Amino acid sequence: MSLAAERMGRILPSQTIAITQKARALKAEGRDVISLSAGEPDFDTPDFIKKAAIEALQRGETKYTDVAGTPALRKAVAERLNADFGLDYRPEEICVSTGGKQVIYNAMVATLNAGDEVVIPAPAWVSYPDIVQLADGKPVIVPTTPETGFRLTAEQLRRAITPRTRWLVLNSPCNPTGSAYSRDELKALTDVLLEHPQVWILTDDIYAKLTYEGREACTVVQVEPRLRERTLTMNGVSKAYAMTGWRIGFSAAPVSLTKELIKLQGQSTSNACSIAQAAALAAVSGPQDFIGEMVAVYQKRRDLVVDALSAVPGLSCARPEGAFYVFVSVQQLLGRRTAGGHVLESDEDFVKAMLEEVGVAAVHGTAFLLPGYFRVSYATSTELLEEACRRIARFCGGLA
Ligand code: PLP
């Protein structure tokens, strides 16, 4: 008899984490590897945030907090959502968790019954379908296309919804494509959602502050306040504040749902780390101008990568509106043979051979539910990005 529960058979280890670890292991062996696989800012957490954590530690804030987070942080999160998106949440509608990932996990486990459907536009962040399956739900994957900028259309949404649909998961800007919905595009979706009262919306806004050319980041409840009563707005400090390791995410949702999230969290992890909460409080309530400075750097790097890779025969990619990823099509190169003798039958073959032969780690599109692509994270230094693009060009140029 297997040790693992039946539900473990439904999920895979996170493929982005697997590739990042493989790249790390190769580096440890002394190989010259550039890792473009991790979804993590290369910037350090700003000093004023670190200082707030040190001060909290010195004040002895080392005890359990309320399960849903400290009152000060819940209030500050509500105020931040108001300042950034004009959203109107009360502190009791906020739940602080151990990363945005736990928010999504809590939401699915707290609400899904066996066979309930969750609509997920693809390509999508690797963890959504696995979390849904762990929670006994059924992911309904809706492939989007480059023609719509990898954005879900109202028609596709309408076709995907059934009486069993419990959630739609939206992620804008999107990991892995960097596509962001405009207000009008989002409104077209919210109009469909108004017709289907059984569907809740989980809007994953973790990259919402990382948008380019001054583009406005918008979110569901802002565009359609009538959906407030069945929307969970998820955000966190990992990406916008360069705080991935601190593990703080949060939800804003009606009290009826928030109560269930707190009940579940109270029987699993309890509160998020007290020191990390103090740091997150400084992040969301302190000066925000450093985000604009990071965004300006990311925008330059985005242009560097898009320009360099678009110039490589056989590769193609769009110029994303946000996040820090470029999603590159390799469809024209499949079937070819590498200089090292590997035949590229799939996007996974492509990324494996690229890592082995030129030492660049990226994640294949299939990991994001859309084969024929790879994802590059440009949250790394300009010098490394330039070198990585040269290597990718050399790898593609060597294909027979
Ligand atoms: N959502 C998306 C789209 C992500 O890319 C990530 C991290 O990679 C997360 C959520 C989770 O972020 P965290 O758990 O670090 O807050």
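Visitor: Which residue in S4 does Val 118 stand opposite?
Guide: Val 118 stands opposite Pro 139. This is a predicted model, where local features need pLDDT of at least 70, side-chain atom pairs count only at pLDDT 80 or more, and totals for chains, interfaces and linings use all residues. Residues are numbered from 1 along each chain as its sequence is written.

Visitor: OK. How many bridges join S3 to S4?
Guide: Six bridges. S3 covers residues 117-122, S4 covers residues 138-143, and the two run parallel. Two strands pair if DSSP finds at least two bridges between them.

Visitor: What unit do S3, H5 and S4 make?
Guide: A right-handed β-α-β unit, with H5 at residues 127-134. A crossover is right-handed if, with the strands pointing away from the viewer, the path from the first strand over the helix to the second runs clockwise.

Visitor: What about the loops there?
Guide: Pro 123 lies in the loop between S3 and H5. A cis peptide bond joins Ala 122 to Pro 123, with omega about 5°. Asp 136 is in the loop between H5 and S4. The phi of Asp 136 is near 70°, positive in a residue other than glycine.

Visitor: Is Asp 136 buried, exposed or partly exposed?
Guide: Partly exposed, with 15 C-beta neighbours inside 10 Å. A residue is buried if 20 or more other C-beta atoms lie within 10 Å of its own, exposed if 12 or fewer, and partly exposed in between; C-beta atoms are placed from the backbone.

Visitor: Now S6. How many of its residues are buried?
Guide: Five of the five, residues 200-204, so S6 is largely enclosed by the rest of the structure. Trp 200, Leu 202 and Asp 204 are buried on one side. Ile 201 and Thr 203 are buried on the other.

Visitor: Which strands are joined to S6?
Guide: S5 (residues 165-171) is joined to S6 by five bridges and runs parallel. There, Leu 168 stands opposite Ile 201. S7 (residues 231-236) also runs parallel to S6, over four bridges. Thr 203 has Thr 233 as its bridge partner in S7.

Visitor: Let's switch to H13. Which residues there are buried?
Guide: Leu 385, Ala 388, Cys 389, Ile 392, Phe 395 and Cys 396. They cover an arc of only 120° around the axis, which puts them on the same side of H13. That arc is of the directions from the helix axis to the C-beta atoms. The face turned away carries the exposed residues Glu 383 and Gly 397.

Visitor: Last one. What is the strand order in the open sheet of four?
Guide: S9-S10-S13-S12, with antiparallel pairing. The edge strands are S9 (316-317) and S12 (363-364), each pairing on one side only. S10 (residues 325-329) and S13 (residues 373-377) pair over five bridges. Ser 329 stands opposite Tyr 373 in S13.
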